[in-house]
Amino acid sequence: MTSDTAPSLADTLVTSTVVLDGGMSNQLAAAGHDLSDELWSARLLAERPEAVTEAHLAYFTAGADVAITASYQATFEGFGRRGIGREEAARLMASSVGLAREAARQARQAGVTRPLWVAASAGPYGAMLADGSEYRGRYGLSVTELERFHRPRLEVLAAAEPDVLALETVPDADEAAALLRAVRGLGVPAWLSYTVDGGRTRAGQPLAEAFALAAGADEIIAVGVNCCAPEDVEHAVETAARVTGKPVVVYPNSGEVWDAQARAWTGRSTFGSDQVEKWREAGARLIGGCCRVGPRAITAVAHALGSAGTA
């Protein structure tokens with residue numbers, strides 16, 4: 001938490017809606033950083049950590065209450081392919097939490113007085129592959145094998161003491177089952193967020209079945225969707241709230257579509273702050289944006305939800 005007196009995120013969600021940040025990669029790219037390799041934004045944890053802090057700060061000052069760390073694509077395997085050993089890889093993963101904390105400190109110095117939280121991002125197995133398979137799932141691995149992949153880095157991230165673990169962009173209910181196993185006993189709450197296509201996970205499972213996996217998991221303080229089209233959000237929120245009874249987390253993309261082969265976005269933005277009130281009415285309590293949603297859009301979300309933005 002940002003101070004000893006700040007409320008926990010879980011307690012806050014009982015009565016309030018909080019604003020998440022937007023896309024880390026698009027904010028870094030807008031600042032002129034090259035993200036064209038397989039490590040994506042995680043590369044800057046080693047090469048330009050101050051740039052990561054600056055990106056977080058831009059979102060805090062824009063109105064975000066929660067910073068999601070630059071560890072989405074940070075894995076032992078991914079760093080290993082770059083010649084980075086396990087000890088240094090663990091240090092870099094943990095540093096992602098510290099960089100977000102530093103941004104919160106700087107935001108307070110700049111006059112932000114509301115509570116600020118840090119969510120440590122853990123992307124899916126497909127993010128490590130860096131071939132777009134996080135939008136397909138079905139990796140050919142068992143739940144046990146996926147749990148074995150996720151647990152070591154979740155241990156590292158949890159030891160860095162974030163406020164919450166963001167188990168995000170999960171394409172497959174089998175991977176969600178593995179993640180739910182992997183977070184047990186870590187002592188840090190988590191949210192579970194699927195990437196979806198219409199009323200199903202990217203792997204094709206009905207959302208009601210996918211969300212139901214988290215209904216009885218005490219570690220999970222919110223369930224929902226991210227890295228999906230804005231048009232898919234409202235149905236997903238209603239389903240998640242009905243099936244789990246938990247607060248719902250939503251942070252869709254801009255509406256543009258990622259071309260994994262070309263490593264580029266195509267189409268037009270359909271993300272608008274006029275949508276967020278409907279999402280809140282349906283049960284969403286953590287609302288922000290993912291890829292291609294920047295600080296200006298997060299300011300609009302904060303105002304739409306009644307936040308003071310920079311107070």
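**Names and their cut-offs**

Reader: Why is arginine 280 called partly exposed?

Author: Its relative accessibility is 23%. Buried means under 20% relative accessible area, exposed means over 50%, and partly exposed is what lies in between (1.4 Å probe, protein chains only). So 23% puts arginine 280 in the middle class. The model is predicted, so local features need pLDDT of at least 70 and side-chain atom pairs pLDDT 80 or more, while totals for chains, interfaces and linings use all residues. Numbering runs from 1 along each chain as its sequence is written, and side-chain values use heavy atoms, without hydrogens or water.

Reader: What makes arginine 280 and glutamate 277 a salt bridge?

Author: Their closest N and O atoms are 2.6 Å apart. The name requires a side-chain nitrogen of Lys or Arg within 4 Å of a carboxyl oxygen of Asp or Glu. The 2.6 Å pair therefore qualifies. The two residues are 3 apart in helix α12, which means a separation of about one helical turn. Glutamate 277, at 29%, is also partly exposed. Elsewhere, salt bridges with shared partners link Arg138, Asp172 and Asp174 into one network.

Reader: How many salt bridges does a search of the whole structure find?

Author: It finds 12. One of them joins glutamate 88 and arginine 91, at 2.7 Å from N to O. These two sit 3 residues apart in helix α6, so about one helical turn separates them. Glutamate 88 is partly exposed at 34%, as is arginine 91 at 46%. Another pairs glutamate 155 with arginine 151 at 2.8 Å, N to O. Here the spacing is 4 residues in helix α8 (residues 143-159), again about one helical turn. Side chains of opposite charge can pair when their charged atoms come close.

Reader: What makes residues 233-244 a helix, and how does the reach of α11 compare with the expected span?

Author: A helix is a DSSP run of H or I with at least four residues, a strand a run of E with at least two, both numbered from the N terminus. α11 has 12 residues, so it passes. The expected span is 1.5 Å times one less than the number of residues. That gives 16 Å for α11, and the first-to-last C-alpha reach is close to it, at 16 Å. Glycine 245 follows α11, with a positive phi near 70 degrees.

Reader: How do you know which side of α11 its buried residues are on?

Author: The buried residues are Val233, Ala236, Val237, Thr239, Ala240 and Thr244. They cover an arc of only 170 degrees around the axis, so they lie on the same side of α11. The arc is taken from the directions between the helix axis and the C-beta atoms. What covers these residues includes α10 (207-212), β8 (220-226), β9 (248-251), α12 (276-282) and β12 (284-287).

Reader: Why are proline 252 and asparagine 253 called buried?

Author: Proline 252 has a relative accessible area of 0%, and asparagine 253 has 5%. Contact means heavy atoms within 4.5 Å. Leaving aside neighbours within four places in sequence, the contacts of proline 252 include Val233, Phe271 and Trp279.

Reader: What makes the largest nonpolar core a core, and how many residues does it have?

Author: It has 77 residues. Such a core is a set of buried Ala, Val, Leu, Ile, Met, Phe, Trp, Tyr and Cys residues joined through side-chain atoms within 4.5 Å. Among the members that touch the most others are Leu154, Leu167 and Ile220. Helix α6 (residues 86-109) supplies the largest share, 10 residues. Apart from this core lies another of 19 residues, among them Leu9, Leu13, Trp191 and Ile221.
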